[in-house]
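Dear colleague,

I am handing over the structure below, and would be grateful if you could look through it with the notes that follow.

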Amino acid sequence: MTESERKSGLFVIPGDRLGVIEEFTSGPGTYVEDGIIHAQVTGRTLLDMLNRQVSVYPIVEAATVPQVGSVVTGMATDVRNKNAILHIFKIGDKNLSGAFKGALHISGVSHGYVDNMYDVCKSGDIVRAKVISTANRSIFLSTVDKDLGVLQALCSMCGNLLEPANRGMNCPNCGNFERRKMAPDYGKDKTREGEGNEN
Ligand SMILES: [Zn+2]
């Protein structure tokens, strides 16, 4: 946090730097590590200039906000050549009531070179990704790790659920062949099937 940003009411997430112990004392919702005061909870800063104390007032439960390292599940929308947006509806195994948007860039999809996001995911796909940055309140995602990627994909010709095939995906309905960055448990996530489970 730079000098000019030091004010009350800033939205912060756990780990954000709030100041150093030479200038502030650590108030509720903060912790000190190596002389640096960090936010302990997601919330808004409160600077008490009189007592030179910095606090964070929680505004949401930390568990319901995607944080760096969180594994999230979302639906791909706005898929373009080099990037895609995920509407995140799940963090870990917790379903969210609201939704967060996360951005996936072509440089963060796979270990190998990929030149087209359409070979990774398409709009409507259910994708598992990891949060790699929440800087400036924007959520940036990666699907590089091998347990990440598309969990369910629909044929872009007919809308049928695609099945894994040799080096890609196959539509059992119309025979269309497409590519995805598949998660190893592709097809096992029942998110899209909703109420269909027996129990
Ligand atoms: Zn099809």
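Which residues of the largest nonpolar core touch the most other members? Leu86, Cys121, Val127, Ala129 and Val150 do, out of the 28 residues in that core, where a nonpolar core is a set of buried Ala, Val, Leu, Ile, Met, Phe, Trp, Tyr and Cys residues joined through C-beta atoms within 7 Å. At least two residues of this core come from each of β8 (71-77), β9 (83-91), β11 (126-133), β12 (139-142) and β13 (149-152). Another core, of seven residues, lies apart from it and includes Val12, Phe24, Ile37 and Ala39.

This is a predicted model, in which local features need pLDDT of at least 70 and side-chain atom pairs count only at pLDDT 80 or more, while totals for chains, interfaces and linings use all residues. Residues are numbered from 1 along each chain as its sequence is written.

The chain has 16 strands and zero helices, these being DSSP runs numbered from the N terminus (helices H or I, at least four residues; strands E, at least two). Of its 199 residues, 29% are buried, meaning that 20 or more other C-beta atoms lie within 10 Å of the residue's own, against 12 or fewer for exposed and in between for partly exposed, with C-beta atoms placed from the backbone.

Glycine 108 sits in the loop between β10 (94-105) and β11, and counts as partly exposed because 19 other C-beta atoms lie within 10 Å. Beyond its neighbours within four places in sequence, glycine 108 is in contact (C-beta atoms, placed from the backbone, within 7 Å) with Ile132, Leu141, Ser142 and Val144.

Best regards

Methods:
Contact = placed C-beta atoms within 7 Å.
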